[in-house]
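Please have the sequence and the three-dimensional view at hand while reading.

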Amino acid sequence: MTTQDGTTTGTHRLAVDVRGLRKRYGEVTAVDGIDLAVRHGEVFGILGPNGAGKSTTVEILQGNRARDGGEVRVLGSDPATAGRAWRSRVGNVWQDESAPVELTVRETVRQFARYYPRPRDPQDVIALVGLQEKAASRVKSLSGGQRRRLDVALGVIGDPELLLLDEPTTGFDPDARRQFWGLIRRLADEGTTIVLTTHYLEEAEALAHRLAVIAGGRVVAEGEPAALRRRHGTEATVEWTDPDGTPRGERTATPTRTVAELTARFDGEIPGLRVKRPSLEDVYLRLTGTEGGAP
Ligand code: ATP
């Protein structure tokens, strides 16, 4: 089906289809040939360290930044040229949304609802993000976590098919982060396609059906979190302590054999024996080249 402004509707095979995306800022190549394929109804994580190119990519998907190269389709349209009808189908939550601080939460959500052709019920949206008790409070009195939840409310008030979130939980305490994850899951259960960037691995693992790990403006790995761990984390580390007290470690694809050899060498118990399978975090640090650099 085609709408008045020439865009295809939700029948397009992919919600987000990006090929060979490139963006430079002067001498800096921020995005260096990224491909992304996000299916309708999935939560897709873009995971990467600071400066990897996540925000730039999302801004291009939002239609808020021009690209230098590559093909981009978001809900079937090119964000660089898509019109108002397309914008009303895409919800945006960015790093520092500026809602009018003198209004109350309810007034703000109602005001934003007027910008959309078929908004959700403001009362329902306030409940969805867990701000019922703050509905009559002024925006300026909200805590950081509540403020982010209001940002999400404003992102979904237009009942978008796709929600783009750029580092939604940066600066949250662990409790606020978990509450926020619950909110994202509720939206996903309601059928919203969600693309979110994060540099928190645990967030990507907790929320994303699939994720792309990016570093230096390129996708260095892509897939389901568990599959990434299997594919890139085949080597285990065997650790033990030598008779002179020196801690030792060996990375190996055959840890059982290493342990058998150590058993023979020590003739019994191996002091300090530990076999560590790589966590997704180990895989991530290896893929992004930040191994050993994190605390
Ligand atoms: P973060 O997690 O720190 O937000 P990011 O993965 O979102 O990082 P980007 O913000 O997209 O990364 O930045 C990618 C690269 O482009 C970085 O080297 C950054 O310094 C540079 N960059 C981003 N925006 C601009 C800009 N407006 N002008 C010049 N350089 C920029």
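The account that follows treats the cores, a cavity, a hairpin and some backbone angles.

This is a predicted model, in which local features need pLDDT of at least 70 and side-chain atom pairs count only at pLDDT 80 or more, while totals for chains, interfaces and linings use all residues. Residues are numbered from 1 along each chain as its sequence is written, and side-chain values use heavy atoms, with hydrogens and water left out. Helices (H or I, at least four residues) and strands (E, at least two) are DSSP runs, numbered from the N terminus.

The largest nonpolar core has 34 residues, of which Val-109, Leu-150, Val-152, Leu-165, Leu-187 and Ile-194 touch the most other members. A nonpolar core is a set of buried Ala, Val, Leu, Ile, Met, Phe, Trp, Tyr and Cys residues joined through side-chain atoms within 4.5 Å. At least two residues of this core come from each of α3 (105-113), α4 (122-128), α5, β6, α6 (174-189) and β7 (193-198). Helix α6 gives the largest share, 7 residues. A second, separate core of 26 residues includes Leu-75, Ala-82, Leu-164 and Ala-212.

Val-152 lies in helix α5. Its relative accessibility is 0%, so Val-152 counts as buried (buried means under 20% relative accessible area, exposed over 50%, partly exposed in between, with a 1.4 Å probe and protein chains only). Apart from neighbours within four places in sequence, Val-152 is in contact (heavy atoms within 4.5 Å) with Val-93, Val-129, Leu-165, Phe-180, Leu-183 and Leu-187. Val-129 is 23 residues away from Val-152 along the chain, and their C-alpha atoms are separated by 7.4 Å.

Attention now turns to helix α10. In this helix (residues 280-287), Leu-280, Val-283, Tyr-284 and Leu-285 are buried. The buried residues of α10 pack against β3 (43-47), α7 (201-207), β8 (210-215) and α8 (225-232). After α10 comes Gly-289, with a positive phi near 70 degrees.

The structure holds 1 cavity of 30 Å³ or more. On a 1 Å grid over the protein atoms alone, a cavity is a set of points where a 1.4 Å probe fits but cannot get out, and lining residues have an atom within 4 Å of a point. The largest cavity has a volume of about 40 Å³, a volume being the space filled by probe spheres set on the points, which are joined across faces, edges and corners. Its lining consists of Leu-47, Leu-201, Leu-211, Val-213, Leu-228, Leu-280, Val-283, Tyr-284 and Leu-287. Helix α10 provides the largest share of the lining, 4 residues.

Strands β10 (residues 236-241) and β11 (residues 247-252) pair in the antiparallel sense over 6 bridges; pairing requires that DSSP find at least two bridges between the strands. Glu-239 stands opposite Gly-249 in β11. The hairpin has 5 residues between its strands, and Gly-245 takes a positive phi near 90 degrees.

Most residues other than glycine have a negative phi. Leu-75, which is not a glycine, has a positive phi of about 50 degrees. Leu-75 is in the loop between β4 (69-74) and α2 (84-87), and is buried, with a relative accessible area of 1%. Asp-159 has a positive phi near 55 degrees. Asp-159 is in the loop between α5 (144-156) and β6 (162-166), and is partly exposed, with a relative accessible area of 43%.

Note on methods
1 Å grid on protein atoms, 1.4 Å probe; cavity = no way out; pocket = protein on both sides within 12 Å on 5 of 7 lines; lining within 4 Å.
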